[in-house]
Amino acid sequence: MTTLDDRTSSLTGPTVADVSGPSRLAEPDETISAEELRLAARNHGIPLEALRYDVTPAGLHYLLIHYDIPELDPETHTLTIGGAVDSQLTVTLADLRERPRVTRQVTLECAGNGRALLHPRPVSQPWLVEAVGNAEWTGTPLAPLLREAGVDPDAVDVVFTGADHGVERGIEQDYQRALPVVDALRDEVLLAYEMNGAPLLPQHGAPLRLIVPGWYGMAHVKWLHSIELRTEPFEGYQNAVAYRVRRDADDPGVPVTRIEPRALVRPPGFPDFMSRRRVLRQGPCTLDGRAWSGHAPVVAVEVTTDGGRSWAQAELDAGDAGDFAWRRWRHEWVATPGRYVLGARATDASGRTQPVEQQWNRGGFANNMVQRVEVVVPAE
């Protein structure tokens with residue numbers, strides 16, 4: 001019998017690249033792998049019943065950790081801004097707390113949300129539809145610090161580096177993402193040190209993280225320790241390789257950026273333990289949920305109870321929390337005995353609407369097809 005020690009000792013001259021393989025698609029009948037289960041145990045989505053909260057409690061907010069949670073001391077942690085600037089800046093957390101303080105409600109969604117529902121399935125973190133949360137983020141705007149450092153007129157990208165370090169597809173790296181200078185200088189981009197009125201938790205990026213309203217979660221770099229302006233486009237792994245919408249392995253693809261419109265149904269009734277199918281009593285029922293988009297404010301939500309054959313207009317709440325926070329919607333329905341498939345689709349002010357069917361890509365990114373919630377209304 002081959003043991004782990006046998007396999008390890010048979011390696012001659014291993015390299016960092018040996019610990020990870022290339023990206024791949026699941027075989028047609030392949031079930032979720034042990035590797036995917038390990039990822040799913042580390043990373044979690046919001047329980048859909050928590051869509052009832054306007055602001056997601058920190059422990060219920062979705063979570064994705066690429067590598068390990070680093071051990072950082074907020075008392076000694078510093079942020080350095082350098083590269084193509086007039087003068088390098090180094091600031092402490094205390095320095096940042098002395099600067100203008102801003103709190104914004106911002107909905108964060110993982111770019112891979114919905115990946116596990118695709119056919120064929122890209123093998124990675126197996127998200128269904130729960131990789132989302134809406135929190136109050138407090139910090140100081142990034143743009144004034146960049147201007148204080150003096151942005152070189154030739155600078156094109158701003159690179160953000162976190163303290164988490166690992167290997168991905170054979171490449172050893174710190175987690176790094178870049179924004180175009182014009183996006184980094186947006187007024188709403190924050191250096192955040194609080195979540196929901198409390199210091200950031202370790203898993204949510206303590207002591208400092210980036211918040212980029214409207215963009216998918218990969219842009220909101222956690223455990224932030226350095227910012228570098230560059231006069232050439234950033235070609236790091238997370239920008240040039242990982243987060244791109246491509247049809248096949250040879251397609252250079254296009255970068256993942258802003259969040260596509262999505263609406264989720266807060267499942268009514270009560271669930272079966274294993275299948276999560278819902279059981280709902282007969283009679284009047286208020287269906288509700290949340291809707292958001294990173295391109296423009298949501299202006300309409302439609303609801304289906306028959307799997308998309310027909311749609312009815314839902315009522316939208318005012319959206320007083322701002323353009324980058326989700327909005328609650330609701331729809332009155334009378335449940336009669338039978339089996340139903342509920343769903344909702346959002347339309348934003350830019351004219352984007354959720355598709356009913358999958359829009360497949362190799363990485364499983366920005367998949368905002370309409371959710372399906374199976375409901376049984378028993379005869380009584």
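1. Let us start with Arg276. Arg276 is partly exposed because its relative accessible area is 45%, where buried means under 20%, exposed over 50% and partly exposed in between (1.4 Å probe, protein chains only). Arg276 sits in the loop between strand S14 (270–271) and strand S15 (278–279). Helices (H or I, at least four residues) and strands (E, at least two) are DSSP runs, numbered from the N terminus. The phi angle of Arg276 is near 65°, a positive value in a residue other than glycine.

2. A word on the model before going on. This is a predicted model, in which local features need pLDDT of at least 70 and side-chain atom pairs count only at pLDDT 80 or more, while totals for chains, interfaces and linings use all residues. Residues are numbered from 1 along each chain as its sequence is written, and side-chain values use heavy atoms, with hydrogens and water left out.

3. Please look at Trp223 next. Trp223 also has a positive phi, about 55°, although it is not a glycine. Its place is the loop between S9 and strand S10 (224–230). Is Trp223 buried or exposed? Trp223 has a relative accessible area of 1%, so it counts as buried.

4. Two cis peptide bonds deserve a visit. One runs from His119 to Pro120, with omega near -5°, and Pro120 belongs to the loop between strand S3 (102–109) and strand S4 (132–141). Another runs from Ala206 to Pro207, with omega near 10°. Pro207 lies in the loop between strand S8 (198–199) and strand S9 (209–211).

5. Asn43 is in the loop between helix H2 (34–42) and strand S1 (78–83), and it is buried, with a relative accessible area of 2%. Not counting residues up to four places away in sequence, Asn43 touches Leu63, Leu64, Ile65, Gln125 and Trp127; contact here means heavy atoms within 4.5 Å. A polar atom of the Asn43 side chain lies 2.8 Å from the backbone nitrogen of Ile65. The side chains of Asn43 and Gln125 make a polar contact (3.1 Å). A polar contact is a pair of N or O atoms within 3.5 Å; within protein, one must be able to donate a hydrogen and the other to accept it, and residues adjacent in sequence count only if both atoms are side-chain atoms.

6. Arg327 lies in strand S20 (residues 327–335) and counts as buried because its relative accessibility is 18%. Leaving aside neighbours within four places in sequence, the contacts of Arg327 include Gly289, Val298 and Asp317. Which backbone oxygen lies 2.7 Å from a polar atom of the side chain of Arg327? That oxygen belongs to Val298. The C-alpha atoms of Arg327 and Ser310, 17 residues apart along the chain, are separated by 23 Å.

7. Finally, step back to the whole protein. The secondary structure comes to 6 helices and 22 strands. The radius of gyration is 22 Å, close to the 21 Å that the globule rule gives for 380 residues, so the protein is as compact as a globular protein of that length. This radius is taken over C-alpha atoms, and the rule is 2.2 Å times the number of residues to the power 0.38. Of the 380 residues, 50% count as buried. Among contacts between residues at least 6 apart in sequence, 73% join residues at least 24 apart.
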